[in-house]
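Open the model in your viewer and keep the selection panel at hand. The stops below say what to pick and what to look for.

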Amino acid sequence: MLIKRRPDGIDLPTASEITPRAIFESRRSFIQQMALGTIAGGALMQLGSSKAHAQTANLQKLPAKPNSSYVVMDKQTSYQDVTTYNNFYEFGTDKSEPAHNAHTLQTHPWQISIEGEVKKPFTLDLDSLQKLAPLEERVYRHRCVEGWSMVIPWIGYSLSALIKKAEPTGNAKYIEFTSLADKKQMPGVRDPVLEWPYVEGLRLDEANHPLALLTFGLYGEVLPNQNGAPVRIALPWKYGFKSAKSIVKIRFTKDQPRTAWNLAAPQEYGFYSNVNPDVDHPRWSQATERRIGEDGLFTRKRKTLMFNGYSEVASLYTGMDLRKYF
């Protein structure tokens with residue numbers, strides 16, 4: 001197990017080992033309610049999701065044409081749960097903290113630089129980036145490495161449209177995403193729980209797959225800050241931490257990017273991080289999952305599907321040992 005140390009010498013556990021504060025503080029009440037038989041279905045997953053809904057109020061509408069080719073039949077996770085139960089460590093390691101803290105993020109103006117192995121580097125502002133291709137609404141199933149899942153209606157377009165505009169050179173094999181890391185706007189960046197800025201990456205053929213979505217909104221509105229505003233990636237066949245948020249730089253590279261979680265704990269978080277029920281996390285099984293807001297404490301867990309059910313990506317990994325390249 002990797003133990004990171006603060007500059008002052010205090011041991012710091014990996015972020016995945018931190019018990020969410022909302023669950024910790026609610027545990028006594030939770031146990032009492034369970035003893036009285038008053039726990040409703042889904043309560044366990046909603047302990048930290050009842051706060052800070054005001055952070056998502058009055059967001060700008062973002063019209064998009066529904067794409068029926070990318071719609072799962074699962075019931076969509078509620079807007080409340082999607083926007084109050086988040087992994088976004090720049091605003092805190094507790095699932096409820098991003099909704100409380102992300103109001104400090106300034107999303108306008110916003111620019112993204114396109115760099116590295118491209119014919120000509122360039123920079124786009126958010127409006128230009130949004131207009132690069134027609135916006136679509138796609139309903140994706142998502143799976144987090146901790147064992148919970150959601151179904152979210154995203155708004156964006158295939159990342160391949162941006163890649164085409166970037167005109168990568170023949171040397172480009174990977175694409176690297178860098179998130180904003182501003183201590184003034186993001187209180188979590190002051191904590192060395194990860195190496196900042198947050199960096200994620202894909203092989204170029206993965207990034208060009210139609211499912212890889214450059215994302216600007218959800219539920220018909222622009223992205224709430226706590227969900228990765230103003231622009232993020234959505235990769236439904238990979239664990240959630242692969243989907244970089246609040247992106248400020250996209251870089252095309254010859255070599256595999258050094259990504260945040262892989263740097264923090266390479267034995268636990270591989271570069272590929274495809275959803276795979278047959279490859280467990282060292283500290284828990286990945287064979288089953290719980291759907292946020294739907295499955296209660298006493299409801300049977302769902303079986304995790306290979307590639308999260310998106311079998312169309314399997315050809316990307318032909319001939320690869322997915323236990324080795326996890």
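This predicted model holds 14 salt bridges. Side chains of opposite charge can pair when their charged atoms come close.

**Stop 1**

Select Lys-61 and Glu-221. They form a salt bridge, with 3.3 Å between the closest N and O atoms. The pair links distant parts of the chain, 160 residues apart. Lys-61 is in the loop between helix H1 (21-36) and strand S3 (65-71). Glu-221 is in strand S11 (residues 221-222). Glu-221 has 12%, and buried means under 20%, so Glu-221 is buried.

**Stop 2: Arg-203 and Asp-205**

Now pick Arg-203 and Asp-205. Their side chains meet in a salt bridge, 2.8 Å from N to O. Colour by accessibility. Arg-203 counts as buried because its relative accessibility is 14%. Asp-205 is partly exposed, with a relative accessible area of 35%.

**Stop 3: a charged network**

Select Glu-289 and Arg-291. This is a salt bridge too, its closest N and O atoms being 3.9 Å apart. Together with Glu-289 and Arg-291, they are linked in a network of salt bridges.

**Stop 4: charges over rings**

Show Arg-138 with Tyr-70. Arg-138 lies over the face of Tyr-70, at 4.0 Å from the ring centre. Then move to Lys-165 and Phe-122. Here the charged end of Lys-165 sits over the Phe-122 ring, 5.3 Å from its centre.

**Stop 5: ring against ring**

Next come the aromatic side chains. A search of the whole structure finds 14 aromatic pairs. Select Tyr-140 and Tyr-310. Their ring centres are 6.1 Å apart and their planes stand at 75°, so the pair is edge-to-face. Where do the two residues lie? Tyr-140 is in strand S6 (residues 136-143), and Tyr-310 is in the segment after strand S15 (302-303). The pair therefore ties together parts that are 170 residues apart in sequence. Tyr-140 and Tyr-310 are both buried.

Go on to Tyr-272 and Tyr-317. This aromatic pair is edge-to-face, at 6.2 Å centre to centre and 90° between the planes. It links distant parts of the chain, 45 residues apart. Tyr-272 is in the loop between helix H7 (260-264) and strand S14 (288-291). Tyr-317 is in the segment after S15. Both tyrosines, Tyr-272 and Tyr-317, are buried.

**Last stop: confidence**

Colour the chain by pLDDT. The protein averages 86, and 82% of the residues score at least 70. Then select residues 1-54. Over residues 1-54, pLDDT stays under 50. For this stretch the model has 82 contacts beyond four places in sequence.

Definitions and conventions
Residues are numbered from 1 along each chain as its sequence is written. This is a predicted model: local features need pLDDT of at least 70, side-chain atom pairs count only at pLDDT 80 or more; totals for chains, interfaces and linings use all residues. Side-chain values use heavy atoms; hydrogens and water are left out. Rings of Phe, Tyr and Trp (its six-membered ring) pair if their centres lie within 6.5 Å; planes under 30 degrees apart count as stacked, over 60 as edge-to-face and the rest as tilted. Helices (H or I, at least four residues) and strands (E, at least two) are DSSP runs, numbered from the N terminus. Buried means under 20% relative accessible area, exposed over 50%, partly exposed in between (1.4 Å probe, protein chains only). A charge sits over a ring if NZ of Lys or CZ of Arg is within 6 Å of the ring centre and within 35 degrees of the ring normal. pLDDT is the predictor's confidence in each residue, from 0 to 100. Contact means heavy atoms within 4.5 Å. A salt bridge is a side-chain nitrogen of Lys or Arg within 4 Å of a carboxyl oxygen of Asp or Glu.
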